Amino acid sequence: MAIIALVAGKGSPGVTTTALACALSWHRRVVLAECDPAGGSIMAGYLTASLDGPRGIGELAVGELRDGNLDTAFWGQLIDLDAPRRERLLLPGVVDHAQAGSVTPLWQRFADFFVTLDRGEPGYDVLVDCGRLQVPNAPWPLLRAAAVVLVVTRAHLPDLSSAQATVKAIERDLTEHRVPAGALRLVLVGDGNGRAEVSRTLRLPVIAQLPDDPHSAWVLGHGGTVRGRRPLLRAAGSLEVPVRALLDRRRARLSWPLPAEVPDAV
């Protein structure tokens, strides 16, 4: 596919949990990149800090600023979440503010590089966890490069208010930078029948609703055995289908030939 960015409004939960659930359940090869400038959490949470040595986007940024070696260094910074298959790879996020400062100037460089992973052999989807946008140094270049942007929200009024501000900020930024808008959709977290109301309130389609599944959410946040038959993992796996359909339609539109010029009358 291409870059699929996941974001949330201020105080809205579930971006990292949603992104990780998708990475562990989608069928195509996936790179999950933690690009939240506030810091990554999968290493310390789901992986329980079980790996030795620094790893991730902060190390890549330092190497890129020093040596310009992103193309060759990238694959050595990934963690195989399903070893040794190398089908579900994680690029861990920053771990301190110093790393965040080194990554910020390179958001565009990372965006350009992530786009190329779709065309590799083998190709990878890139799920980008952008966290909350109401923080300094948000990864806007990644959102501009994304083919699909998923805004994760709950149906509670404070969450909807924050999500609405996030949606407007994304739309405004894409317009200001004259970027053709990718597919912007909502992912609703939580049980209940509020899907239609959320869509009307935010004026965007809800592409999927992920159920409350406290056990799976705990495992994804703190470590343990992931059960693919649990409700959250099944719903996250199903999200691949409408996302792929969106990308197929977008690619079809971009590949349509321009109308032939009509010759001037003689």
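Strand E1 (residues 3–8) pairs with E6 in the parallel sense, over five bridges. Two strands count as paired if DSSP finds at least two bridges between them. Helices (H or I, at least four residues) and strands (E, at least two) are DSSP runs, numbered from the N terminus.

This is a predicted model, in which local features need pLDDT of at least 70 and side-chain atom pairs count only at pLDDT 80 or more, while totals for chains, interfaces and linings use all residues. Residues are numbered from 1 along each chain as its sequence is written, and side-chain values use heavy atoms, with hydrogens and water left out.

**Overall picture**

The protein has 11 helices and eight strands. Its C-alpha atoms fill a box of roughly 75 × 50 × 35 Å, taken along the principal axes. The radius of gyration is 19 Å; a compact globule of 266 residues would have one near 18 Å, so the two agree. That radius is taken over C-alpha atoms, and the globule rule is 2.2 Å times the number of residues to the power 0.38.

Buried residues make up 49% of the 266 residues. Buried means under 20% relative accessible area, exposed means over 50%, and partly exposed lies in between (1.4 Å probe, protein chains only). The protein exposes about 13,300 Å², and carbon and sulfur atoms supply 53% of it. These areas come from the Shrake-Rupley method with a 1.4 Å probe; for residues, only the protein chains shown count as cover.

Contact means heavy atoms within 4.5 Å. Of the contacts with a separation of 6 or more, 70% are between residues 24 or more positions apart.

**Confidence**

The mean pLDDT is 89, and 92% of the residues reach 70 or more. Over residues 261–266 the pLDDT is below 50, and this stretch has zero contacts in the model beyond near neighbours in sequence. pLDDT is the predictor's confidence in each residue, from 0 to 100. Where it is low, the predicted coordinates should not be read in detail.

**Strands**

| Strands | Sense | Bridges |
|---|---|---|
| E1 (residues 3–8) and E6 | parallel | five bridges |
| E6 and E7 (residues 183–189) | parallel | six bridges |
| E2 (residues 30–34) and E4 | parallel | four bridges |
| E2 and E5 (residues 125–132) | parallel | five bridges |
| E3 and E4 | antiparallel | two bridges |

Start with E6 (residues 148–153). Six of its six residues are buried. Val148, Leu150 and Val152 point one way, while Val149, Val151 and Thr153 point the other. Ala8 has Val152 as its bridge partner in E6. Leu150 stands opposite Arg185 in E7.

E2 is largely enclosed by the rest of the structure, because five of its five residues are buried. Val30, Leu32 and Glu34 lie on one side; Val31 and Ala33 lie on the other. Towards E5, Glu34 has Asp129 as its bridge partner. Towards E4, Leu32 is bridged to Leu90, and Val31 stands opposite Leu89.

In E4 (residues 88–91), Arg88 and Leu90 point one way and Leu89 and Leu91 the other; all are buried. Leu89 also has Asp80 standing opposite.

**Leu24**

Leu24 is found in helix H1 (residues 15–25). Its relative accessibility is 17%, so Leu24 counts as buried. Leaving aside neighbours within four places in sequence, Leu24 is in contact with Tyr46, Leu81, Arg88, Leu220, Val226 and Leu233. Leu24 and His222 are 198 residues apart in sequence and 15 Å apart in space, C-alpha to C-alpha.

**Aromatic residues**

Rings of Phe, Tyr and Trp (its six-membered ring) pair if their centres lie within 6.5 Å; planes under 30 degrees apart count as stacked, over 60 as edge-to-face and the rest as tilted. By this rule there are five aromatic pairs. One of them joins Phe74 and Phe113: edge-to-face, 4.8 Å centre to centre, with 65° between the planes. This pair links distant parts of the chain, 39 residues apart. Phe74 sits in the loop between helix H3 (70–73) and strand E3 (79–80), and Phe113 in helix H5 (residues 107–117). Both Phe74 and Phe113 are buried. One aromatic cluster is formed by Phe74, Trp75, Phe110, Phe113, Phe114 and Tyr124.
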